[in-house]
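Let's take a friendly walk through a protein model. Have a look at the picture first, then read on.

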Amino acid sequence: MEGSGHPSGSEHHEGMLPVVESVDVSKRDDVHLLHGGAVGLAGVLFLCVTGAAPISAMLFNTPL
């Protein structure tokens, strides 16, 4: 479909998701990198673990 607004140029059918051939975005200009001082992978993992601790404490502390 020429000029349909889809970046891949593939057809879009109602109720179907577009197929992604590659997830490598290193060569794209419209995707920006993380800013200096942004939360990286270690920070995200730390936040997930610290957020899961109270949830698991309540889950395993509740009687059936």
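F46 is found in helix α1, which covers residues 41–61; helices are DSSP runs of H or I with at least four residues, and strands are runs of E with at least two, numbered from the N terminus. This is a predicted model, where local features need pLDDT of at least 70, side-chain atom pairs count only at pLDDT 80 or more, and totals for chains, interfaces and linings use all residues. Residues are numbered from 1 along each chain as its sequence is written, and side-chain values use heavy atoms, with hydrogens and water left out.

**The helix**
- The protein has one helix and zero strands.
- Helix α1 has 21 residues and spans 30 Å from its first C-alpha to its last, close to the expected 30 Å (1.5 Å times one less than its number of residues).

**Exposure**
- F46 counts as exposed because its relative accessibility is 56%; exposed means over 50% relative accessible area, buried under 20%, and partly exposed in between, with a 1.4 Å probe and protein chains only.
- Of the protein's 64 residues, 0% count as buried.
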